[in-house]
Amino acid sequence: MAAKHAAFVDKPGFERILEENASLHGEVRILRENLEEERRKNGQLLGTFKTRQNEDFKNLAHAKKLSETLAEENAQLKAEIKSSNQGRHGSNFGGEFLKELENFGQKFEILHRDLMNSNLMKNLKGKHVINQDDIRALKNNFEKTITELVSIRNLLTNKKDSVPNGVLLTTARQGSKTNGIPSNLLSGNRTSSIEDLIHLNGPVTENAILDILHKRLSNGQSITKLGPVLLSVNSLNSTQFQALSSDTLCLDSCVKEVMDRLSERGIPQVFVLSGSSGSGKTYVSQVLNKKILEQGDKGLVSDICKHFLASVTVLQSFSLAKTTLNSNSSRVGHLYEFYFTDGYVSKTKIQCYSLDYTRVTSPLSGERAFHIFYEMLNGITQEERAKLHLQGYSCHNLHYLSGCPLPTEEEELKMRTTFEKWRGGLSTLGIPFTDVLRILAAILLLGNVQFVEGEGLELDVKGNNEIKAVAALLGVSGVSLYRGLTTKTKNLRGQVFRSLCEPTVANQHRDSLAMALYSRTLAAIVRRVNSFKRPTSSAVTSTSASGEAGLSPGSPGKKAAMTNGGILSTNHEGSPTLSPVLSSFNGLLSIPKGTTGLVAVMDMFGFENRNNVNQLEQICINLCSETIQHFYNTHIFKSSEEYCREDDIHLDADYVDNAACIELLTCQRAGILTLLDKESLFIRGTYLSFLQKVREQHQESECFFDPEPENPCFAVTHHADNVVYDARNLIHINRDTIPDDIVCVFSRQNCNFGFATHLFTSDLKSPQGQTAAPKGVLHRVSPTHTPELNRSPGNYEQSQTTFSQDFQGKLDSLLKTLVQAQPMFLRCIKTNLHQEPNVFDRRVVSQQLRALQVFETLRLLQSEFAHHSRFPTFIQKYGFLSSRPLGEREETEPEDCEAILESHLRKVHKDKAGMLSNSWVLGKKYLFYSDIMKQELDRQRDSRKSSAVVTIQAFVRGWLCRKQWITLKRSLEMQKKARLQSRTNHKHGSSRHIVPADHELSVDTKTAEQICCLHGLDMETPPPLPRSRPYTVMGNMKMGFPQTRIMKQDLLGGDGEVLLRKGEHVKVVSAARKRGFLLVEQRSGSNIQVPFQITELKVSPNPSPR
């Protein structure tokens, strides 16, 4: 490639370019030397004013710090230009690029001249008094210079056409190799010790954040803190989150922090995971789930934990599928709820948020169906294949799977292992394994059934053997299944008419049946998962609604719109609150009786933008992503603005508000989904009329554009990217209906498979009772929480809900849960688009950082408006830090808060004190302070709490020792008395039992002395053995002597002679002196000792108790 470009380069012209580049390099070097000289002079002058501690010199120190940062950035620019000179041969390095660099050089000269001619520099040279205006002017010049440096860096980064985007990750010992432009942060040790981005010094730039994430990921650290927010970078490596790693310890500390907040405040806690598809949200959520379950006394071995882990194993196989963006993409969102009682997990619950199930019948090109189908085909035995009518079938000849990429041998081996775990999970949950397999096998065989035009009136079937096998698996007759798929019933003014379907409609009914079987099976499993510890609920007999989160009770026909100008608002206490639309959802977050707290983990869909086609599935996914992003904006940015506005402080938080995009999608009057619902409920609605209405309504919207007017598509500007949606299949997918001709096939009169009947129980019931006759009613393919409607079959279309309405209702209920809980945000990031491990693509990561607004969050957290507290709350929490007595009056609260902060600054290091001096602002009602200040205050508070705990423990232990001293003193006196008496008896020849040395036990002398002291015993004279009891115990009865017992084995004498034989009846006269032996009377009249264990009592009809 380099030779190809070199052929078109004029050699003299290229040498001239190199000379100009070298000249520019020299100018930058001279500028760096001048700035370093000025920095040295500034340092000398600042040393003469070191004793003055006024506010002007604090600001001057800050200006000096910016000057040092500018020198570092100049050194970085020098290295970048040098690297560019070495790597530009053969690349598109023309005159336009040099012109831009020349312009930047001229800007640097102007900025440097303004800097040297400023009033501040003149005053410094003359050692005059410095005023605030001069310092502010110097700061502005520094900020302009930094901005130009960032612009040059971005220019150099964007111009490297011949350099690949990827950066190969290596271990710390091998070093990090990059083909891009080197960075002073990446090459130095500056980033190795940064665990929290808010401690990043110098100018906060996008490249600086990228360098930190890259360096930490190279060292095996994928989690980086951003104040209260966590950034998780998915390295796509199997070694991520190993035991005792820094990432695992970080998650441990987060879970501990959440549990502490739950115990202190009693507010539900929730982990909110967000990011694009393939960023590792599902993997991180499973790690968090295990960390939460380990909070119990039995850890992961308790029954609740085993039940939950088995549930996750089963649900993941039903939820995961391979897409073009992620080989393990979760197509079902989950909200994992853990209810605590006395600090331990007492109940778990899983809520599922399903998308459309068109993936079951028609996966997109280059993608696969759900994992469970492939796992089943690779994991079942030959005997199970015969029972499921799957002999001779594989992914090659099953129509629903044949168009998908086939698994490799390595993937098939992994699928077999996963299937065995899935089988064990079903057994743990108590779900019949065979019943679920019958449904899955019937779905696969349905794909091989095709209806075509026949010679007569009825349709012919291609795949007659398959439809018979499907009927056998579902427990219905082949004729009734055929009639249900090929018959269409209509209800006109109370009159029922039946007609035969066209082949296209019959094939659509077949696909609808396959999707309904899959979605309802998943819903039944979720209900069974959430019925743990409730024996009256079972997967076969329960008729309750699905365990999936759905619409709240209310008007069935009412659309659950998200917002009309914003989902959330903020109350005066700073917690995000529901908008008026969402406030109607009352009681969605209810904690069961007997539990004391709730911790939830939210693993929802990641943002998606496919290159080939984006359908209704992507609209719902991206709407969910927009909702979570809006909740993040409300919690982080809008709450700070509301508090500042309340205190008459103007705070213009720099962030991108995505409320307009949500309004475009969900507006009740003319949102895109609203127009789609209206067109879907209209029988003759088409995608062309829908597309025309959308273009007419939103052509002026800032978030809507029409990429190609002649194509049936439209585009939306989301917070992460611009997405083009195909409108051709939106109406068909949104209707999501299945006729009752198919549903009635599974009534109890027609179906002998109870599990299949249970899947359609809610649709088979009517106010008059269960009936098997179709009446022309349309039902939803996927289960919903919408209650039964009091409707007649003729007006169903006017009251039926669509898929998008149901999904928005589920999203509203999820948002209700988030608003009522205290969130902890985890922002997940993927390293590249090709799912390659250990490859860090800076362009891809940079795009995600912008979408997640990491840069804006960092700027807010470093400012003095990151956190806020009312004056009384702050004094109550941190009042112990004050070195002087507090007034404890309302009028002195601001002075008390300031005294607390100043006392804290005197205790920290001088370097930190200079950084924290301007990190708070006093308002009328609130105290605003930065996240760095909050961390320092919390560290002091935790240290004081630990010291107080140690003091309390020492006091209590001392009090207990003093209380026990009386008893201990009495024991010591008794011991002393016993020793004196023992010595007196020994002098008078008193004999005592002496234990031989070889029979002595090895004991701890100190422990034995303590025990003897507590009980008043003498170690020299052991206590006598207790007397043998004159009875034996049988059950709850004491049996006296004599007894008749039976020998369980032979009793041998010393010479091997058999004294008593097995099965012989003997008479026991009493217990022997030797412990564990009985005294047995022989026929000769003598007595012998027999071990108690080799005899058993002869049970008489009427035993005589003692």
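**Figure 1. Tyr926 and Phe928, two buried rings.** Here Tyr926 is buried, and Phe928 is too (buried means under 20% relative accessible area, exposed over 50%, and partly exposed in between, with a 1.4 Å probe and protein chains only). A quick note on what you're looking at: this is a predicted model, where local features need pLDDT of at least 70 and side-chain atom pairs count only at pLDDT 80 or more, while totals for chains, interfaces and linings use all residues. Residues are numbered from 1 along each chain as its sequence is written, and side-chain values use heavy atoms, leaving out hydrogens and water.

Figure 2. Rings of Phe, Tyr and Trp (its six-membered ring) pair if their centres lie within 6.5 Å; planes under 30 degrees apart are stacked, over 60 edge-to-face, and the rest tilted. That rule gives 28 aromatic pairs. (Helices, H or I with at least four residues, and strands, E with at least two, are DSSP runs numbered from the N terminus.) Phe704 and Phe714 are both buried. Back to Tyr926 and Phe928: their ring centres are 6.3 Å apart with planes at 55°, so this pair is tilted.

**Figure 3. A salt bridge between Arg695 and Asp706.** Side chains of opposite charge can pair when their charged atoms come close. A salt bridge is a side-chain nitrogen of Lys or Arg within 4 Å of a carboxyl oxygen of Asp or Glu, and the whole structure has 32 of them. For Arg695 and Asp706, the N to O distance is 2.9 Å. Arg695 lies in helix 23 (residues 687–698) and Asp706 in the loop between strand 16 and strand 17, so the bridge ties together parts eleven residues apart in sequence. Asp706 is partly exposed, at 27% relative accessible area.

Figure 4. Arg939 is partly exposed at 43% relative accessibility, while Glu936 is buried at 6%.

**Figure 5. A buried bridge and a network.** Arg510 and Asp511 form a salt bridge with closest N and O atoms 3.0 Å apart, and both residues are buried. Elsewhere, Arg331, Arg359, Glu367, Glu608, Arg610 and Glu617 are linked in a salt-bridge network.
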